[in-house]
Amino acid sequence: MDQSDVSGDLANILLTEEQIGTKLDEIATQIDADYAGKDLLLVGVLKGAVMVMADLARRLHHPVQMDWMAVSSYGSGTKSSGVVRILKDLDADLTGRNVLIVEDVIDSGLTLSWLVANLRSRGPESVEIATMLRKPDAAKVDVDVRYVGFDIPNEFVVGYGLDYAEKYRNLPFVGTLAPHVYS
Ligand SMILES: O=P(O)(O)OC[C@H]1O[C@H](OP(=O)(O)OP(=O)(O)O)[C@H](O)[C@@H]1O
Ligand code: HPA
Ligand SMILES: [Mg+2]
């Protein structure tokens, strides 16, 4: 998709590519310190976390393994259904592992609270969360998050992995959509 094709669809740019990169540098430094000398398995949640996983993992000075899960609660809409389905499970056995879930956004929190409980039941040493975005005003359940990029307003956002009806994931920044896109 040529980005000029979607520029008319955006109402506002919330986070620039540069702001995202600076924040990832900070989070990577913290993760390196917190997991020094420890095994670490990064679990990316498809598809939204692809960008943050790729950019964060490359900033770590730490030997990590990477695995992926696909769960879906949003389908093609802008509201969580609250029903989480596993579309693709992990390949890795979590027994005794330090797991860091990597997410693009925590909105209602329903996906992550379900996922953390699911992964904790598999016998890991630890399960923590790193998310690029969090919407405090949208929280329906409390989720304990170790690493947060940005707390953002309760608006539907796209870009940097986040989609609306599978579009806009490849934008290098995070923005809100113009109202005409929804109608
Ligand atoms: O906190 P919640 O309200 O549960 O929302 C967060 C989840 O919703 C999005 O995934 P989505 O189901 O849209 O799948 P996708 O990553 O493939 O777009 C996002 O990537 C999170 O996984
Ligand atoms: O704001 C959002 N944008 C895209 N996908 C999402 N999934 C949960 N919240 C969002
Ligand atoms: Mg989505």
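Biologist: How many bridges join S8 to strand S9, and which way do they run?
Modeller: Two bridges, and the strands run antiparallel, with S9 covering residues 174-177. Keep in mind that this is a predicted model.

Biologist: OK. Which residue in S9 is the bridge partner of Val 157?
Modeller: Thr 176 is the partner of Val 157.

Biologist: And S1 with S9, over how many bridges do they pair?
Modeller: Four, again in the antiparallel sense. Leu 10, for instance, has Leu 177 in S9 as its bridge partner.

Biologist: So what's the strand order in that sheet?
Modeller: S1-S9-S8, an open sheet of three strands with antiparallel pairing. Strand S1 (10-15) and strand S8 (157-158) are the edge strands, each pairing on one side only.

Biologist: Switching to helices. Which residues of H3 are buried?
Modeller: In H3, residues 110-120, you have Thr 111, Leu 112 and Leu 115 buried. Looking down the axis of H3, its buried residues fall within an arc of 85 degrees, so they line one face of the helix.

Biologist: What covers the buried residues of H3?
Modeller: The cover includes three strands: S3 (65-72), S5 (98-106) and S6 (126-134).

Biologist: Now the largest nonpolar core. Which of its 40 residues touch the most other members?
Modeller: Val 43, Leu 100, Ile 101 and Val 102.

Biologist: Which elements give two or more residues to this core?
Modeller: Among the helices, H1 (17-34), H2 (50-57) and H3 do. On the strand side there are S2 (41-46), S5, S6, S8 and S9. The largest share, six residues, comes from S5.

Biologist: Let's zoom in on Ile 101. What does Ile 101 touch, not counting residues up to four places away in sequence?
Modeller: With those left out, Ile 101 touches Val 43, Val 45, Leu 115, Val 127 and Ile 129. Leu 115 is one of the buried residues of H3, and Val 43 is also on the list of core residues that touch the most other members.

Biologist: Last topic, ligand 2. Which of the eight residues around ligand 2 come nearest?
Modeller: Val 105, Asp 107, Phe 156, Val 157 and Leu 162. Val 157 is the residue that bridges to Thr 176 in S9.

Conventions. Residues are numbered from 1 along each chain as its sequence is written. Chains are lettered from A and ligands numbered from 1 in the order in which they are written. This is a predicted model: local features need pLDDT of at least 70, side-chain atom pairs count only at pLDDT 80 or more; totals for chains, interfaces and linings use all residues. A residue is near a molecule or strand if its C-beta atom, placed from the backbone, lies within 6 Å of it. Two strands pair if DSSP finds at least two bridges between them. A residue is buried if 20 or more other C-beta atoms lie within 10 Å of its own, exposed if 12 or fewer, and partly exposed in between; C-beta atoms are placed from the backbone. The arc is that of the directions from the helix axis to the C-beta atoms. Two residues are in contact if their C-beta atoms, placed from the backbone, lie within 7 Å. A nonpolar core is a set of buried Ala, Val, Leu, Ile, Met, Phe, Trp, Tyr and Cys residues joined through C-beta atoms within 7 Å.
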